[in-house]
Amino acid sequence: MSTSDLEALGDAYDEARLRETEARLKMLKAEKAAKTARAAHAKAEEACDAARNRWLTAYRPAAGGDDGSE
């Protein structure tokens, strides 16, 4: 192989490694975003459950009280 062939192979390898590194960084950022989204979803779900429980407590007749039924 000539020197120019070796240089071309080296350049191609360097370019491939750079693309691999960039793809890995994008993957790590996506994983971090997914983790953040899962945490936000869990927090929103907890808030929804808490609001539902407050609503149920507010509208549930007191135990042994008059609920209007006969």
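Arg24 and Glu20 sit 4 residues apart in helix 1, about one turn of the helix.

First, the ground rules. This is a predicted model: local features need pLDDT of at least 70, side-chain atom pairs count only at pLDDT 80 or more, and totals for chains, interfaces and linings use all residues. Residues are numbered from 1 along each chain as its sequence is written, and side-chain values use heavy atoms, with hydrogens and water left out.

Back to Arg24. Arg24 forms a salt bridge with Glu20, and the closest N and O atoms are 3.2 Å apart. By salt bridge I mean a side-chain nitrogen of Lys or Arg within 4 Å of a carboxyl oxygen of Asp or Glu. Side chains of opposite charge can pair when their charged atoms come close.

Glu20 has another partner. Its side chain meets that of Arg17 in a salt bridge, at 3.0 Å, N to O. Glu20 and Arg17 are 3 residues apart in helix 1, again about one helical turn.

What do the shared partners build from Arg17, Glu20 and Arg24? One network, joined by salt bridges.

How exposed are these side chains? Here are the cut-offs: buried is under 20% relative accessible area, exposed is over 50%, and partly exposed is in between, with a 1.4 Å probe and protein chains only. Arg24 is partly exposed at 45%. Arg17 is partly exposed at 42%. Glu20 is partly exposed too, at 34%.

The count comes to 3 salt bridges. One of them joins Arg19 and Glu15, at 3.7 Å, N to O. Both lie in helix 1, 4 residues apart, about one turn of the helix. Arg19 is partly exposed at 47% relative accessibility. Glu15 is partly exposed at 40%.

Now the fold. The chain has 1 helix and 0 strands. Helices (H or I, at least four residues) and strands (E, at least two) are DSSP runs, numbered from the N terminus. Helix 1 covers residues 3-59.

Next, the aromatics. The structure holds 1 aromatic pair. The rings of Trp55 and Tyr59 have centres 5.4 Å apart and planes at 40°, so the pair is tilted. The rule: rings of Phe, Tyr and Trp (its six-membered ring) pair if their centres lie within 6.5 Å; planes under 30 degrees apart are stacked, over 60 edge-to-face, and the rest tilted. Trp55 and Tyr59 both lie in helix 1, 4 residues apart, about one turn. Tyr59 is exposed, with a relative accessible area of 61%.

Last, the surface. Which residues form a nonpolar patch? Met1, Leu6 and Leu9, with about 360 Å² of accessible area together. Patch residues have over 30% relative accessible area and no salt bridge; like charges are joined within 9 Å, and nonpolar side chains (Val, Leu, Ile, Met, Phe, Trp, Tyr) within 5 Å. Leu6 lies in helix 1.

Areas come from the Shrake-Rupley method with a 1.4 Å probe; for residues, only the protein chains shown count as cover. Of the 70 residues, 0% count as buried.
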